[in-house]
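Please look through the sequence and the 3D structure below before reading on.

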Amino acid sequence: MSDCLFCKIAAGEIPAKKIFEDDDVIAFHDIHPVAPVHFLVVPKVHVDSLAHATAEHQAVLGKMLLLTAKLAKEQGLDDGYRTIINTGHGGGQTFFHLHMHVIGGKPLTTNISDITTQ
Ligand code: AMP
Ligand code: ZN
């Protein structure tokens with residue numbers, strides 16, 4: 001998609017603080033981190049959101065999860081971390097290329113209720 005920020009980052013047209021890249025996935029630090037560690041794991045193929053994923057994306061979605069665990073360890077998140085996929089306007093998604101947030105490096109709330117309201 002020509003006007004998609006994450007497609008442009010995946011294509012190397014826009015710089016990012018990259019921590020991993022292969023043919024299928026790119027991971028880079030979020031430009032507005034909400035914690036000491038906050039990176040995004042992004043499939044290179046354009047998919048608008050998780051709601052638009054199909055069976056053809058099964059392999060890359062699985063790869064993203066396993067890669068997340070590896071990268072989180074590399075980033076020093078030994079005590080744990082939170083993964084978030086915002087999906088659609090109602091889910092708080094603002095960039096419509098599927099991506100997973102990986103957040104950690106400070107104590108996170110144990111109660112899910114604090115992220116379910118604005
Ligand atoms: P979401 O609200 O789930 O769609 O998340 C989009 C995320 O992309 C936000 O956390 C932004 O801070 C992040 N973001 C936007 N532009 C960039 C960029 N150029 N490089 C890295 N992260 C970005
Ligand atoms: Zn895209």
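The shell around ligand 1 holds 16 residues, and those that come nearest are Asp30, Thr94, Phe95, His99 and His101. Keep in mind that this is a predicted model. Sorted by class, the shell is made up of 7 nonpolar, 8 polar and 1 charged residues. Two elements, α1 (5-10) and β2 (25-29), each supply at least two residues of this shell. The element that gives the most is α1, with 3 residues. As for its location, ligand 1 sits in the largest pocket.

Next come the polar contacts of the ligand. Two of them use the backbone of the protein. At isoleucine 31, a backbone N or O atom lies 3.2 Å from a nitrogen atom of ligand 1. At glycine 92, a backbone N or O atom lies 3.3 Å from an oxygen atom of ligand 1. A side chain takes part as well: a polar side-chain atom of histidine 99 lies 2.9 Å from an oxygen atom of ligand 1. On its own, ligand 1 has 500 Å² of accessible area, and the protein covers 86% of it.

Where in the chain is histidine 99? Histidine 99 belongs to the loop between β4 (82-84) and β5 (100-104). Is histidine 99 buried or exposed? Its relative accessible area is 6%, and buried means under 20%, so histidine 99 counts as buried. Besides its contact with the ligand, the side chain of histidine 99 reaches the backbone oxygen of histidine 97 at 2.6 Å.

Distance along the chain and distance in space are separate things, and histidine 97 gives one example to check in the model. Between histidine 97 and lysine 44 there are 53 residues of separation in sequence, while their C-alpha atoms are 9.3 Å apart in space.

Glutamate 21 and valine 42 are 21 residues apart in sequence, and from C-alpha to C-alpha they are 9.6 Å apart in space. Is glutamate 21 buried, exposed or in between? With a relative accessible area of 34%, glutamate 21 falls between the limits of 20% and 50%, so it is partly exposed.

Valine 37 can be found in strand β3 (residues 37-43). It is buried, because its relative accessible area of 11% is under 20%. Valine 37 and aspartate 22 are 15 residues apart in sequence, and the distance in space between their C-alpha atoms is 21 Å.

The last stop is asparagine 111, in the segment after β5. How far apart are asparagine 111 and aspartate 3 in sequence and in space? They are 108 residues apart in sequence and 37 Å apart in space, C-alpha to C-alpha. Asparagine 111 has a relative accessible area of 44%, which means that it is partly exposed, as this value lies between 20% and 50%.

Note on methods:
Residues are numbered from 1 along each chain as its sequence is written. Chains are lettered from A and ligands numbered from 1 in the order in which they are written. This is a predicted model: local features need pLDDT of at least 70, side-chain atom pairs count only at pLDDT 80 or more; totals for chains, interfaces and linings use all residues. Side-chain values use heavy atoms; hydrogens and water are left out. A residue is near a molecule or strand if one of its heavy atoms lies within 4 Å of it. A polar contact is a pair of N or O atoms within 3.5 Å; within protein, one must be able to donate a hydrogen and the other to accept it, and residues adjacent in sequence count only if both atoms are side-chain atoms. Accessible areas come from the Shrake-Rupley method with a 1.4 Å probe; for residues, only the protein chains shown count as cover. On a 1 Å grid over the protein atoms alone, a cavity is a set of points where a 1.4 Å probe fits but cannot get out, and a pocket is an open set with protein on both sides within 12 Å along at least five of seven lines; lining residues have an atom within 4 Å of a point. A molecule sits in a cavity or pocket if more than half of its atoms lie within 2 Å of its grid points. Helices (H or I, at least four residues) and strands (E, at least two) are DSSP runs, numbered from the N terminus. Ala, Val, Leu, Ile, Met, Phe, Trp, Tyr, Cys and Pro count as nonpolar, Asp, Glu, Lys and Arg as charged, and the others, Gly among them, as polar. Buried means under 20% relative accessible area, exposed over 50%, partly exposed in between (1.4 Å probe, protein chains only).
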